[in-house]
Amino acid sequence: MSTIEKAAAEVERSVPGASVSLEPETELMTINMGPHHPATHGVLRLVVELEGEVVRDLRPVVGYVHTGIEKSCEAHSYWKVIPFVERMDYLSYFFNMEAFCGAVELMLEMEIPDRAKYLRVIHMELNRLHSHLVWLGTSALDVGAISMLWYAFRERDTILDLFEMSTGQRMHTRYFQVGGVIEDIPLGFERKLREFLAEMPTRVDQYEALLNRNEIFLQRTKGVGTVSRERLLELGVTGPLLRATGEPWDLRKVFDYLAYPDFEFGIPVGTVGDCYDRFRVRMAEMRESVKIIEQALDGLPEGPHIADDRKYVLPPRSELSTSMEALIHHFKLVTEGYRVPPGEVYRAIESPRGELGCYLLADGSAKPARVHFRDPSFVNLQALRDMAVGGYVADLITNLAMLDPILGGIDR
Amino acid sequence: MPDAPGLELIRSEINDRHPGAVLDTSFGHGQAALIADPEQILAVLRWLREEPGQEYTFLSSLHAADYLPAEPRFGVHYELLNRNRVERVRVRAALPDPGGSVLPQIDSCVELFPSADFPEREVYDFFGIVFRNHPDLRRILMPEDYVGWPQRRDFPVGGEPVTFTHNEPGAPLT
């Protein structure tokens with residue numbers, strides 16, 4: 001058949017009411033998406049079975065950025081592990097630190113000062129905003145709203161400036177220590193943070209004005225990737241994905257860690273659990289985070305920012321030149337590290353993507369015997385198949401964007 | 001968390017139904033753990049999931065640890081959660097190492113908890129613990145042709161040769 005004849009047959013087939021019956025496209029095509037694809041949010045490879053444009057099966061292949069962080073942690077003393085775990089989920093580094101430091105503190109049965117708890121909450125909620133902003137920018141980009149990326153990254157940059165001011169680094173700050181935080185916030189930080197907090201709710205309004213009535217955005221997200229609440233719970237999904245189905249499950253509320261019981265904040269939930277609900281839940285979470293930071297800043301208690309326990313916490317710099325004892329402690333802590341009594345704990349916190357758990361096994365030495373992170377992206381990725389199978393390949397991109405996986409956390 | 005007496009109650013109730021299923025309990029840092037016989041792990045997990053009054057229906061995390069030089073060597077941990085009562089309990093399957101090239105085996109709990117799919121593959125990948133009846137037990141994070149179980153305590157850190165085309169004379173230039 002010549003090309004023209006083929007084209008004519010094609011036209012004939014597509015004419016409604018034509019006598020030629022439509023042939024079902026039974027042939028499945030297997031294609032690779034990624035690992036280097038801009039819409040996979042990292043180095044994620046998806047082996048997709050397509051029937052025409054419809055996804056019939058899907059298999060995520062991960063491990064491309066596996067760097068053996070958990071193994072490396074076993075070779076370093078506890079205080080040196082903190083920078084390692086930060087680099088797992090590189091958008092929620094404060095949460096990784098908190099999961100690890102909290103687990104060590106639990107093991108040592110160490111109480112941290114109130115001011116440290118508040119400072120940790122402030123930084124974690126700023127981090128949640130930062131993480132959601134990156135998600136918003138990249139996800140909107142994936143479904144075609146390109147300008148969102150620049151608006152979201154503008155606010156993200158303000159947050160990174162704040163991190164730089166209080167911790168000295170923009171990302172991977174190593175700010176949380178076992179016992180508290182390494183330094184108190186500097187002068188002027190509070191003023192800058194309040195400026196940001198005053199501005200942020202109007203910025204969220206602006207993002208919503210750009211997206212909430214954007215016809216293309218609505219069509220690409222509404223009714224896409226709906227998975228029932230029961231199925232998500234079976235698959236172990238937590239975080240905004242689960243809350244989008246109407247399940248008000250948030251570890252900040254139910255487990256009362258750090259200073260969260262002191263603050264009033266809501267848990268935004270969705271109704272049907274499609275991609276649009278996931279988007280709305282995260283947007284509402286940004287507003288709640290702003291509220292939490294405001295309350296934490298208003299109620300920030302005076303006092304030390306780190307526990308006064310020389311066996312585990314570095315002595316203040318100023319004491320090193322005057323106190324022999326402080327110098328000995330400093331030397332011991334830096335060279336050998338502290339020993340943690342044998343035991344095992346599992347501590348879970350609510351990261352921007354769900355339950356972030358740290359399992360820690362101590363054998364009595366100065367190095368952990370096992371560090372395992374239950375990364376929410378890793379577990380949530382199992383739900384992608386349920387979300388995408390039966391939908392179009394374009395919706396697969398939307399589903400992936402609204403799932404918000406961070407490959408650094410998945411692969412560790 | 002069930003408290004220490006509550007944990008003993010759970011232990012005796014499981015052992016009434018499945019003799020010898022729970023070997024021991026441990027309670028530390030406010031966290032409760034049942035140490036279970038790996039051969040009966042599914043019975044223990046099913047009881048905790050389905051027994052009225054327990055209903056630990058959510059598997060938060062599944063991971064493993066190598067307790068070398070202790071015996072039994074491996075522990076597979078199931079962090080169970082009852083979301084209504086906000087209670088966690090950890091089940092640790094104490095898995096001995098058969099030694100040599102024989103891999104330790106345990107039943108897969110994917111039937112009970114579909115969320116265990118990736119975590120069980122991860123445990124297999126890093127510890128060489130085989131989960132019987134797992135639907136698709138392959139390495140997940142390490143390369144498929146990798147040899148060895150890197151998270152075991154006797155597996156050394158480092159020493160991984162990195163090959164580049166310029167120091168591999170026979171390698172084709174791509």
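Predicted model: local features only at pLDDT ≥ 70, side-chain atom pairs only at ≥ 80, totals over all residues.
Where chain B meets chain A, 25 residues of chain B are in contact with 32 residues of chain A. On the chain B side, the elements that give two or more residues are strand S3 (58–66), strand S4 (74–82) and helix H3 (117–127). The largest share of that side, seven residues, comes from S3(B). Sorted by class, the side of chain B that touches chain A has eleven nonpolar, nine polar and five charged residues.

Helix H3 of chain B deserves a separate look. H3(B) is mostly covered, since eleven of its eleven residues are buried; they include the charged-name positions B:Asp117, B:Glu120, B:Arg121, B:Glu122 and B:Asp125, and also B:Phe118, B:Val123, B:Tyr124 and B:Phe127. The partners against which these buried residues pack come from both chains, namely helix H14 (376–380) of chain A together with S3, S4 and strand S7 (130–132) of chain B. Just after H3(B), B:Gly128 takes a positive phi of about 70°.

The next topic is the nonpolar core. The largest such core has 158 residues, and the members that touch the most others are A:Phe100, A:Val104, A:Leu360, B:Val44 and B:Ile129. Helix H5 (residues 114–142) of chain A gives the most to this core, with 13 residues. For B:Ile129, once its neighbours within four places in sequence are left aside, the contacts are B:Ala64, B:Phe74, B:Val76, B:Leu95, B:Leu103, B:Pro104, B:Ile106, B:Val123 and B:Tyr124; of these, B:Val123 and B:Tyr124 are also among the buried residues of H3(B).

Within chain A, a pair of helices can be followed in detail. Two packed helices are described by the angle between their axes and the distance between the axes. For helix H7 (residues 189–211) and helix H12 (residues 275–298) of chain A, the angle is about 160° and the axes are 10 Å apart. Because angles over 145 degrees count as roughly antiparallel, H7(A) is roughly antiparallel to H12(A), and H7(A) passes H12(A) in a left-handed crossing. Residues of H7(A) including A:Leu193, A:Leu197, A:Met200 and A:Val204 meet residues of H12(A) including A:Met283, A:Met286, A:Val290 and A:Ile293. The residues of this contact divide into eleven nonpolar, no polar and five charged.

A last stop is a loop position in chain A. A:Leu44 lies in the loop between strand S1 (29–33) and strand S2 (45–51) of chain A. Is A:Leu44 buried or exposed? With 27 other C-beta atoms within 10 Å, A:Leu44 is buried, because the cut-off for that class is 20 or more. Leaving aside its neighbours within four places in sequence, A:Leu44 is in contact with A:Gly34, A:Pro35, A:Pro60, A:Val62, A:Pro405 and A:Leu407. The C-alpha atom of A:Leu44 is separated by 8.1 Å from that of A:Gly63, which is 19 residues apart from A:Leu44 along the chain.

Definitions and conventions:
Residues numbered from 1 in each chain as written. Chains lettered and ligands numbered in written order. Contact = placed C-beta atoms within 7 Å. Helix = DSSP H or I, 4+ residues; strand = E, 2+ residues; numbered from the N terminus. Axes fitted to C-alpha atoms, helices over the stretch in contact; angles between N-to-C directions. Parallel < 35°, antiparallel > 145°, perpendicular 65-115°, else oblique. Left-handed = near helix turned anticlockwise from the far one by under 90°. Core = buried A, V, L, I, M, F, W, Y, C linked by C-beta atoms within 7 Å. Buried ≥ 20, exposed ≤ 12 C-beta atoms within 10 Å, placed from the backbone.
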